[in-house]
Structures are given as C-alpha cells and as structure tokens.
Amino acid sequence: MQAVHPHVSQREDLVSFLCFIVLSGKGELSYEEQTYQLSEGDCVFIDCRKAYSHSTSNDLWSLQWCHFYAPSLPAVYEKYKERGGRPVFHPDDLTPFTLLLTDLYNLASSSDYIRDMRINEKLGSLLTLLVEQSWHPESVTVSRKRMELAAVKEYLDEHFTEKIMLEELAEKFFINKFYLSKIFKETYGTTVNNYLISKRITRAKQLLRFTDMTVDEVGVAVGMGDANYFSRMFRKVEGISPREYRKQW
C-alpha cells in the first residue's frame, strides 16, 4: 500500500492482529499509551483489540500489511510479549517478511482450490517469523538457545508424521528434555506435543478433503495410528470428528 497523502488511521476493538512493514517513507504508531516513530525497515506486530492509530508523515510511506486472527493468537501474543517481543522492531533482513506478505496477497486473489490451506500455512510461517525475528537476545547463551530451537522446529516440520518422543528429540539435539520443553514453549507459545498435534491435524484436514483415504488411514498417515486417539485429538482441535469434517466438504 502506497499512501497518496498524509493521513491518520485509528481503530479499536478489532478482533484481529496486525502486522505491517514499512517499505519506504516515515510515519508514526500510537499503541498502549506509547508513540513509535516508524521508518523504512521497521516491522509492527500489535493486538488490534486495543486502541491504536498510525499515520504517515509528509514523507509518504509505503507499507505491506496483514490483519489475521485465530483462537490461539491471544495466548501466543502474550508469550510473544513475555519473551521480549515488541510492538515495533527492526529486523536485520526485511526480505522474509516481504516475500511472505507478497505470497499472502497473491494467494488471496488466486483461484487455487486449496487457497485457504495455503493461506493458513503462510500465516503460520509469518507468525513464526515474527516470534523469531523480534527477539533481541542479551547474551550468547540465549542466542545459542535460539539456534538450537530453530533446528528442533525444522526437524519437527519435516518429520511430524513419524513417531517422535520428547526424550529421543532431546537426545538427538543434545538438549535436556526439561530444558527443551521450557524454552520451546517460551519461544513458540506452545508445547512440543501440541505443536506436533497442530501439524498433524492440519495435514489430516488436507487428506480428509482431497483424498479417498479412510479416517483410520488418515490417522496413520499423519502419525496418529490409534484411531480413538486421532478422533479424540481431531475433535479437541476442530470441535468436530474427522468424519463430520469430511462431510462438510
């Protein structure tokens, strides 16, 4: 979005979260009784249920932005703040943000038959990027912890359909399992197990919609071989059973 004249946008009580990046120009953000001066390369991530306003200066800014929401986001945003996440930060490299937001724009206007799934995937990547990039570690130990976690998360993303035990995961990355549990939740706002369940349920939804696999086969395919456990976890996350979900589509 390129501003065409100086203006102020003011909102409150929006059930969404806002991320935007300043591509060029300058402006200002008022949020939680603080005012932030924004310029090229700054990134904003705020809870729009709280009053906020932003305005471009005479040096008209150009932005990329996205409003999004999920039931888990308020809790994730609290964790984001607890671990040092700020309403405004300046990432070392803006490129990952611009690429993700461009992908989201393109998907939103596409006719891809699984557009909603792809958008959810990109929003998940954006949220992960925000959580990762906003952290300003104050010690080498914290920085090393972040690198360890990035490797763990990458492994989970690639192997989530396999049987993964916390003890084995900790051994693989030479991390104490209790320490791993603690820092994973601090960093990503969820436990290792819940992260795996979320990945598996997302994949299960794709298989239920776009394949003829039975519900039991889907459970096995996503690493949840026990049919009762799969159905129970699916209902817990989605509010309906796998069979009911399939009927909707």
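Two strands pair if DSSP finds at least two bridges between them. Strands are DSSP runs of E, at least two residues long, and helices are runs of H or I, at least four, numbered from the N terminus. In strand 8, Val88 is the bridge partner of Val44. Strand 8 (residues 88-89) and strand 5 pair in the antiparallel sense over two bridges. Strand 2 (residues 17-24) also pairs with strand 5 in the antiparallel sense, over five bridges. Leu18 stands opposite Ile46 in strand 5.

Strand 5 (residues 43-47) has five of its five residues buried; buried means under 20% relative accessible area with a 1.4 Å probe, protein chains only. Cys43, Phe45 and Asp47 cover one side, and Val44 and Ile46 the other.

## Basis of the model

This is a predicted model: local features need pLDDT of at least 70, side-chain atom pairs count only at pLDDT 80 or more, and totals for chains, interfaces and linings use all residues. Residues are numbered from 1 along each chain as its sequence is written, and side-chain values use heavy atoms, without hydrogens and water.

## Largest pocket

A pocket is an open set of points on a 1 Å grid over the protein atoms alone, where a 1.4 Å probe fits, with protein on both sides within 12 Å along at least five of seven lines; lining residues have an atom within 4 Å of a point. The largest pocket has a volume of about 1,700 Å³, the space filled by probe spheres set on the points, which are joined across faces, edges and corners. Of its 40 lining residues, Ser72, Asn120, Gly124, Ser198 and Thr202 are the closest to its centre. Helix 7 (192-210) gives the most to this lining, with eleven residues.

Technical notes
Buried means under 20% relative accessible area, exposed over 50%, partly exposed in between (1.4 Å probe, protein chains only).
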